[in-house]
Amino acid sequence: MTALTIDRINKRYGNLHILKDISIPIGQGEFVSLLGPSGCGKTTTLRCIAGFERPDTGRILFGERDVTRALPEQRDIGMVFQSYALFPHMTVAENLSFGLEVRKVAPADRQRRIADVLAMVRLEGYDKRYPRELSGGQQQRVALARALVIEPSVLLLDEPLANLDATLRDEMRFFIRDLQQRVGITSIYVTHDQAEAMVMSDKIVVMSAGTISQFGSPREIYERPASQSVAGFIGRSNTIGGKIAEALGQDSYKVETPCGSIGATGPAGLSRGADVKIMIRPENINTRSQAAAAGQGAGEGGHSDNVLSGSVVNSVYQGSANQLAVKLGSGDRVIVDVNGRNPLEVGEQVALRFAARDTWLLAS
Amino acid sequence: MTRASSGVEKTIWDRLFTVLVAAIYIFLMFPIVLVVLLSFNSGEFLAFPLEGFSLRWFEALFSNKRFLDATLYSIRIAAVSTVVNAVIGTLAAIYVARHATVARDYIRLIMTAPLLVPEILTAIALLFYFYEIRIGTDYSIGIQIGHIVVTFPYVFLNVSSALFNFDRSQEEAARSLGAGGWMTFRRVTLPAIKPGIITGCLFAFVISFDIFNISLLLKSLGSNTLPLELFDYLRFNFDPTAAAIASLSIFMTFAAILIIDRTVGLRSLRF
């Protein structure tokens, strides 16, 4: 069941076309991230859902209810802002009480709900504090509590972790996700941080320049990106250019590249001779020094492995792994993660091995 | 780093600068201190040397019906100016900050014009205007309007600055929680800009109480503000009653500053 439907909304500011025919269906209880660089329209989309902006055309439905023309206060939303936007002249309890008073909830009921939600965000005993007496993380939890205490039909979060330091941000990701799942509230989360979107979301909407580049689960978006820009925005990726030589099955192809013939996976329906890029994630490439590879011989591995050779041009120690830059015979540079205990020197010849199922073809 | 180190090691220029600032302060404050001292002098004339401590001139001031009337009249004018400006100055600031778009800077300039145009010109312009619409200087309304016009920018600017520093997402948060426009203003915006309104109002009151040119030209027959009464008095008398009036004005100003500091803090004063 769709809890929220965004149906072909458009928004212009003067000559700027901010949102171009954006449509997103969101299911009951889903956590959906709007992800993209600044200026891609993700915040404008969220503000249209909240009612702070009105789309020029298109509709927004909460369940069956058309809210396109409704004021923010008529929509039954909870919103968490990047700046927290707590009311500084009110205590934590008064901040939480505000939405309940507006809804004319009886005082006894109010107190019970405030106590419940404070326990939920682990801020028991902080009800008499003023926002300025709390740390950033605590303020953000109050903001979350204030949005949840009114039990809205949709929770909207506008880069809520952007002002927190890295450690706290990691902690809060799981905290928010866990809370969202316990409450079961439909949530829309705006962020420019792809790692954040990956770990928190049921679905991710990747946006760029006012359009949706891809809409799918984190796994789909990471492993089967729809375009080069999505592949580049989500995680690290390598691309090798080539032409389709032959279709081997519905989604497997043989691609002719300057480094030789490579077996790859891709979307169905790519025609022979089409220009493509082969995307491979750094962690999916197996590296051996040329000498070791020769010693062990081929045939090990079992899959239809691809092997490319090249020379190490750069090596960066990253703790858990070494990140190597390898220059292929074709001149393409490929980033590879290798185990930190497997030292490969700059200048050394290496064999790169990767499975066809770990690749993905992008139209170039 | 260079700035920090120059702060630790004081150069000869730092010291000279300190002396210069001190000299300027003394130059500005000295006459005020003198006047206050003279108002407590028991001697007959507004002159040194001091002859002893006495409150007789304050007594003379409060037993002089003309001064008493003038003081009450000034307070009334200042109070009305303050209340009127609290409303229209705040509304104007909200309009300019929130709703004026293309012409915002021009509107802001016009709003602050009474500060920029010499007061005497404002007074003359208003005088002509009042005669043109046939109210002339027959009623207090003329001088009252003059005071409102001249003190308007103080409320306008203070509230503008408070609005500028106000995070609007608080209003959006209130809306998202279900509060309508009026409730959002009353419970979220108004408390946030209250310091600006209070500060602006105190300024408006003090300025209106002290202002001279506007009152001189626009005053109605038979009523004098305190500064005008003082001016008239000094033309024929030269006793410390005048100093007592000056002291009274100074005390009122200090009281205003004290109230600002105690209620909203002097640090919130920004122009």
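Which residue is the bridge partner of Asp158(A) in β8(A)? The partner is Val190(A). The model is predicted.

- Strand β8 of chain A spans residues 186–191 and is mostly covered, with 6 of its 6 residues buried.
- On one side of β8(A), the buried residues are Thr186(A), Ile188(A) and Val190(A).
- Strand β7 of chain A (residues 154–158) runs parallel to β8(A), and 5 bridges join the two.
- Strand β3 of chain A (residues 31–35) is also joined to β8(A) by 5 bridges, and this pairing is parallel.
- Helix α5 of chain A (residues 166–183) forms a β-α-β unit with β7(A) and β8(A), and the unit is right-handed.

**The open sheet of chain A**

- An open sheet in chain A is formed by 4 strands in the order β2-β1-β4-β5, with antiparallel pairing.
- The edges are held by β2 (16–27) and β5 (65–66) of chain A; each has a single partner strand, so one side of each has no neighbour in the sheet.
- Strand β1 of chain A (residues 2–13) and β2(A) run antiparallel and are joined by 8 bridges.
- Lys11(A) has Leu19(A) of β2(A) opposite it.
- Helix α1 of chain A (residues 42–50) lies across β1, β2 and β4 (57–62) of chain A.
- The angle at which α1 runs to β2(A) is about 60 degrees.

**Domains of chain A**

- Chain A is divided into domain 1, residues 2–231, and domain 2, residues 237–363.
- The C-alpha centres of domain 1 and domain 2 of chain A are 39 Å apart.
- In chain A, 6 residues of domain 1 are in contact with 6 residues of domain 2.
- The side of domain 1 of chain A that touches domain 2 of chain A has 2 nonpolar, 2 polar and 2 charged residues.

**Contact between chains A and B**

- Chain A gives 17 residues to the contact, and chain B gives 15 residues.
- On the side of chain A that touches chain B, the elements giving two or more residues are β6 (77–80) and α2 (92–102) of chain A.
- By class, this side of chain A has 11 nonpolar, 4 polar and 2 charged residues.

Notes. Residues are numbered from 1 along each chain as its sequence is written. Chains are lettered from A and ligands numbered from 1 in the order in which they are written. This is a predicted model: local features need pLDDT of at least 70, side-chain atom pairs count only at pLDDT 80 or more; totals for chains, interfaces and linings use all residues. Two strands pair if DSSP finds at least two bridges between them. Two residues are in contact if their C-beta atoms, placed from the backbone, lie within 7 Å. Axes are lines fitted to C-alpha atoms, for helices over the stretch in contact, and angles run from 0 to 180 degrees between N-to-C directions. Ala, Val, Leu, Ile, Met, Phe, Trp, Tyr, Cys and Pro count as nonpolar, Asp, Glu, Lys and Arg as charged, and the others, Gly among them, as polar. Domain bounds come from an automatic or database domain assignment. A residue is buried if 20 or more other C-beta atoms lie within 10 Å of its own, exposed if 12 or fewer, and partly exposed in between; C-beta atoms are placed from the backbone. A crossover is right-handed if, with the strands pointing away from the viewer, the path from the first strand over the helix to the second runs clockwise.
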